[in-house]
Amino acid sequence: MLEIKNLHVSIGGKEILKGLNLSITAGQVHAIMGPNGSGKSTLSYVLAGRAGYDITQGSITYNGEDLGALPPEARAAKGVFLAMQYPVEIPGVTTMMFLKSALNAQRRARGESELDAIGVLKTVRRKAAALNVSEEMLKRALNVGFSGGEKKRLEILQMSLFEPKLAILDETDSGLDIDALKLVAEGVNALRDPARAMLVITHYQRLLDYIVPDRIHVLAGGRIVAEGGKELALELEAKGYDQIVKDAA
Amino acid sequence: MKTALAPARREQAASHFRAIGIPTRRVEEWKYSDLAKALGDTAFSQDTARWKLGKLPAGVEMFDLAEANAPDWVRTHLGSLKETALSAASLAYADGGVALRVTGAVETPLEIEFSGKGNLRALVVLEKNSALTLVEKANGDDQRNVGVEILLGANARLHHVRIARANAAVHIEEVAMTLARDAIYNAHYASFGATLSRLELDIALEGQGAQAHLSGVSVLSGEAHADITTRISHAVGNTQSTQLFKKVAGGKSRAVYQGKVTVAQGADGSDSRQTAKALLLGDRAEADLKPELEIFADDVKCAHGAAVGDLDADSLFYLRARGIPESDARDLLIHAFLEDAMAGIVRSDLRDQVRAAVNEALAS
């Protein structure tokens with residue numbers, strides 16, 4: 001589903017990703033682990049299409065298509081979803097109205113019929129209940145005054161609503177206590193699907209206790225320096241990034 | 001104004017205006033609005049501009065200032081409040097206008113419309129414990145100078161919504177207002193600009209517990225100009241004022257906000273907040289935001305802030321990453337930017353009217 005080859009990405013002329021290779025097939029959950037500054041967030045942003053992240057070499061192929069050539073909204077409509085580390089607060093736009101606009105924009109782009117307000121409301125309510133997202137949250141301005149846990153739950157609610165083919169979770173565990181983490185992880189696990197690939201980006205092994213990946217890649221200095229099964233997370237936890245990076249060199 | 005204004009008072013206003021004349025940009029308060037240039041170096045026409053009222057609800061008394069036999073309340077109050085050179089001009093040269101007196105708590109909104117060229121006067125008196133919702137429309141491509149006086153008696157409530165829309169016009173409106181004890185003025189001004197448009201307010205909170213809550217939105221494009229200048233004086237303690245202005249300027253337009261809040265000596269317990277923000281959507285658009293505070297009292301809560309910027313890149317990316325196309329995402333953020341300033345409009349029907357005018361301006 002996703003094939004990243006020799007990817008070099010620069011921000012403002014400074015190279016952050018330096019020849020990254022990664023391949024994920026449908027139904028799999030991959031984790032990217034790495035120390036701060038290794039390029040984890042750059043990878044998530046470049047996959048979602050953020051402006052200012054220049055692909056200077058290499059390619060990102062998504063279902064046979066050059067993903068790098070598409071604007072962010074087209075990627076979303078084709079099933080790429082990024083659960084953000086820092087969801088933005090937008091005063092003046094209610095959460096419910098935002099969800100409806102986004103869902104229908106994606107449907108329009110795919111040539112599907114738009115859902116009416118009642119239809120969206122019903123779907124959102126059903127999915128929101130499972131993630132403990134309250135009716136009151138949906139009425140509030142998007143992410144405004146939400147706690148860290150509420151923001152992350154809303155990200156997962158969006159993932160559940162948009163039903164992406166490729167879901168990227170950028171540091172979804174950051175800022176969550178253990179109960180909030182479990183709730184978010186349950187939400188993510190419920191979305192595991194043979195037709196869906198997931199890329200879980202995290203600094204800590206903790207999240208991977210709850211979302212167990214098929215494969216782990218260690219990112220350091222803008223490259224994948226080590227790969228392995230889920231046991232690699234435990235090794236990282238025991239040895240630390242420095243040792244793993246040294247071992248790989 | 002045959003009987004409403006004593007000839008000596010009228011002559012006094014004329015000499016006040018003649019002494020100062022049309023303000024130039026050398027006058028600090030007119031630095032961002034070049035009235036002399038917009039008028040082509042002539043004063044406003046000697047004509048009297050027009051006014052039109054909607055159906056008069058019960059509890060509101062009206063007097064046409066062009067008529068004879070002005071009642072006492074008109075003769076007492078007309079020309080009684082603080083004047084600027086331009087409001088002196090409308091007092092001296094307008095031959096008509098409208099005076100309203102409210103004696104009860106009026107539910108139905110009253111609509112008032114100003115049009116045509118020249119000078120015009122309006123007087124609004126709310127007696128104690130009375131209430132009115134006034135919906136003002138300022139239209140037409142003319143050069144017009146309107147002078148308004150508003151007197152709010154003890155515990156009176158005025159809800160004022162003004163929608164100003166023009167193209168090749170010079171529209172000046174100078175409002176002077178006093179609020180007695182516990183009176184509340186709640187206003188929203190939506191302005192869509194003109195060649196030069198300026199709303200100037202001088203609000204005196206003169207009774208304990210008086211409150212003025214002002215908000216406004218401005219959506220400007222092309223070469224439009226819209227200036228809101230406010231002066232609020234907390235003359236006594238335990239008075240409140242809030243101001244929230246949001247402006248969106250595209251093309252080569254110019255949005256101006258100047259707000260001066262003065263808290264007098266001894267006016268302890270005064271509470272004042274003012275915020276003005278502008279979103280610049282064109283490389284050549286300009287916003288001049290100038291909040292000012294002058295405090296002579298000790299125990300007060302005052303805050304002010306101003307910010308000029310572009311749409312937030314993080315927000316724009318977030319919306320696009322959720323599938324919302326760039327132009328829709330921009331629209332959504334612009335609406336969201338303006339929304340909190342409109343949220344202060346008390347009546348939902350009027351809030352919808354302002355929203356509709358904003359949507360129309362954004363779509364054009």
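The lining of the second largest cavity divides into eight nonpolar, one polar and two charged residues; here Ala, Val, Leu, Ile, Met, Phe, Trp, Tyr, Cys and Pro count as nonpolar, Asp, Glu, Lys and Arg as charged, and the others, Gly among them, as polar. This is a predicted model, with local features needing pLDDT of at least 70 and side-chain atom pairs pLDDT 80 or more, while totals for chains, interfaces and linings use all residues. Residues are numbered from 1 along each chain as written, chains are lettered from A and ligands numbered from 1 in written order, and side-chain values use heavy atoms, without hydrogens and water.

A cavity is a set of points, on a 1 Å grid over the protein atoms alone, where a 1.4 Å probe fits but cannot get out, and lining residues have an atom within 4 Å of a point. Points are joined across faces, edges and corners, and the volume is the space filled by probe spheres set on them.

Back to the second largest cavity: its volume is about 70 Å³. Its lining includes Phe114(B), Leu134(B), Glu136(B), His160(B) and Glu173(B). In chain B, β4 (110-115), β5 (118-126), β6 (131-138), β7 (143-152) and β9 (170-179) each give two or more residues; strands are DSSP runs (E, at least two residues), numbered from the N terminus.

How many cavities of 30 Å³ or more are there? The count is four.

Of its 16 lining residues, Arg162(B), Ala164(B), Ser191(B), Ser197(B) and Arg198(B) are the closest to the centre. β11(B) gives the largest share of that lining, three residues. By class, the lining has eight nonpolar, four polar and four charged residues.

Notes: 1 Å grid on protein atoms, 1.4 Å probe; cavity = no way out; pocket = protein on both sides within 12 Å on 5 of 7 lines; lining within 4 Å. Helix = DSSP H or I, 4+ residues; strand = E, 2+ residues; numbered from the N terminus.
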